[in-house]
Amino acid sequence: MNKYKEIKFIIKIRDKVNNSFIYAANNKILFFLILLIAALIFISPGLIRGAAGSDIMYHLLWFKHFTAQFFNGDLYPRWLMDLSAGCGYPVFYFYTPLIYYFTAILSLINLPFYQFDGYSEILLAILIITLLSTYFCYKFLKLYINNNAACFLASLFYCLLPYKMILFHSFNQFTYYTTFLWIPLLLIATKKLAMGNKYSFFYLTASYAGLLLSTIPCIIVLTPLPIFYFIYLIYFEHQHNKLKKSIIFLASLITSFSITAFYLMPMYFLQDLVFLSVTENNFMWSDHAYYKNNFLFFPILKSTIYSQTI
């Protein structure tokens, strides 16, 4: 009898939780409020400890000089002229610039009660990207799952993945982090193209161009994703007008490469001037990067993202 009561109680709790998620997913104000709370939880280590992490000083310097040159009329500051004791440094010949354009624009915010300090702009940019990536993850899942609560819960999980917190708060990989925005956008745009949406060319072009300006390793890893997804869609879900859709898809990718050629071409042809072997021995086998020590990053999650030093 007691066991029956326990099962009945668990089922009752489950139903209440499920109904709560259904209500939250269907109530737009509550939906975005919960998304905001989740995004604030994500950036909370930065709010609590301030600027910290393995590469934070580099990013703060790059942000400061990129922003200054941009607002002085240099629309693409490849060479940060005031670094290296005034000799300059060719950071953005190789480093993807998109996130720095975003933080430069955010630096225009002037609040009478708060002085932005560089790291504040970065945190605000990550907060906005987290909100958008979570929302677009929800929108993509809705294309396949007719359950608002399940999509909402899955998108919150996508928002608070442990790996994302390590990536941002410990390694300060801001450009890598932006790929979590482009993944659902690429999938949505590819799906819309396969469905015959007349604006899908522009959606896909903008999404892939955003990825191309975010991080080079992720370009290599993620480019097959929309390609194989598109092949699946036109052969198994939306089989009409395959040739027309394929031409539009290919034209969209080519247009994305053309738009971002101002960054990709110099980066590709000048890569022989970068000597990655200098840092391989110091980083690749460190405790943070060693797979066997930190499967899924859980062992170091708590000890790193809230600590003052890494």
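In this predicted model, helix α8 gives way to Gly-196, a residue with a positive phi near 95 degrees. The chain holds 15 helices and zero strands, and buried residues account for 43% of its 310 residues. Average pLDDT for the chain is 81, and 79% of the residues score at least 70.

**Helix α8**

- Helix α8 consists of 22 residues and spans 33 Å from its first C-alpha to its last, close to the 32 Å expected at 1.5 Å a residue.
- A kink of about 30 degrees occurs in α8 at Leu-181, shortly before the proline Pro-184.
- Because 19 of its 22 residues are buried, α8 is largely enclosed by the rest of the structure.

**The largest nonpolar core**

- In soluble globular proteins, nonpolar side chains tend to be buried together.
- The largest nonpolar core of this model has 71 residues, of which Phe-92 and Phe-168 touch the most other members.
- Helix α8, residues 174–195, gives the most to this core, contributing 13 residues.
- Beyond four places in sequence, Phe-168 is in contact with Phe-42, Tyr-119, Ile-122, Leu-123, Ile-126, Gln-173 and Phe-174.

- Tyr-95 is located in the loop that runs between α3 (56–71) and α4 (98–106).
- When residues up to four places away in sequence are set aside, the contacts of Tyr-95 are His-59, Trp-62, Tyr-100, Gln-173, Thr-175 and Tyr-263.
- Although Tyr-95 and Thr-215 are separated by 120 residues in sequence, their C-alpha atoms are 7.8 Å apart in space.
- Across the chain, 69% of the contacts between residues at least 6 apart in sequence join residues at least 24 apart.

- His-65 is part of helix α3, and its relative accessible area of 12% falls under the 20% cut-off, so His-65 is classed as buried.
- Asn-241 occupies the loop between α11 (224–237) and α12.
- The phi of Asn-241 is near 55 degrees, a positive value in a residue other than glycine.
- Asn-241 has a relative accessible area of 48% and is therefore partly exposed, a class that lies between 20% and 50%.

**Cysteines**

- Zero disulfides are found in a search of the whole structure.
- Cys-159 takes part in no disulfide, and the nearest cysteine sulfur, belonging to Cys-137, is 9.6 Å away.
- Cys-159 is buried, with a relative accessible area of 1%.
- Cys-218 likewise counts as buried, at 13% relative accessibility.

**Confidence in the model**

- Confidence in the chain is highest in helix α12 (residues 242–259), at a mean of 95, and lowest in helix α15 (residues 298–305), at a mean of 46.
- Residues 283–310 have pLDDT under 50 throughout, and the model gives this stretch 44 contacts beyond four places in sequence.

Technical notes: Residues numbered from 1 in each chain as written. Predicted model: local features only at pLDDT ≥ 70, side-chain atom pairs only at ≥ 80, totals over all residues. Heavy atoms only, no water. Helix = DSSP H or I, 4+ residues; strand = E, 2+ residues; numbered from the N terminus. Contact = heavy atoms within 4.5 Å. Core = buried A, V, L, I, M, F, W, Y, C linked by side-chain atoms within 4.5 Å. Buried < 20%, exposed > 50% of the residue type's maximum accessible area, 1.4 Å probe, protein only. Expected span 1.5 Å × (residues − 1). Bend = angle between axes of the 7 residues up to and from the residue. pLDDT = per-residue confidence, 0-100. Disulfide = S-S within 2.5 Å.
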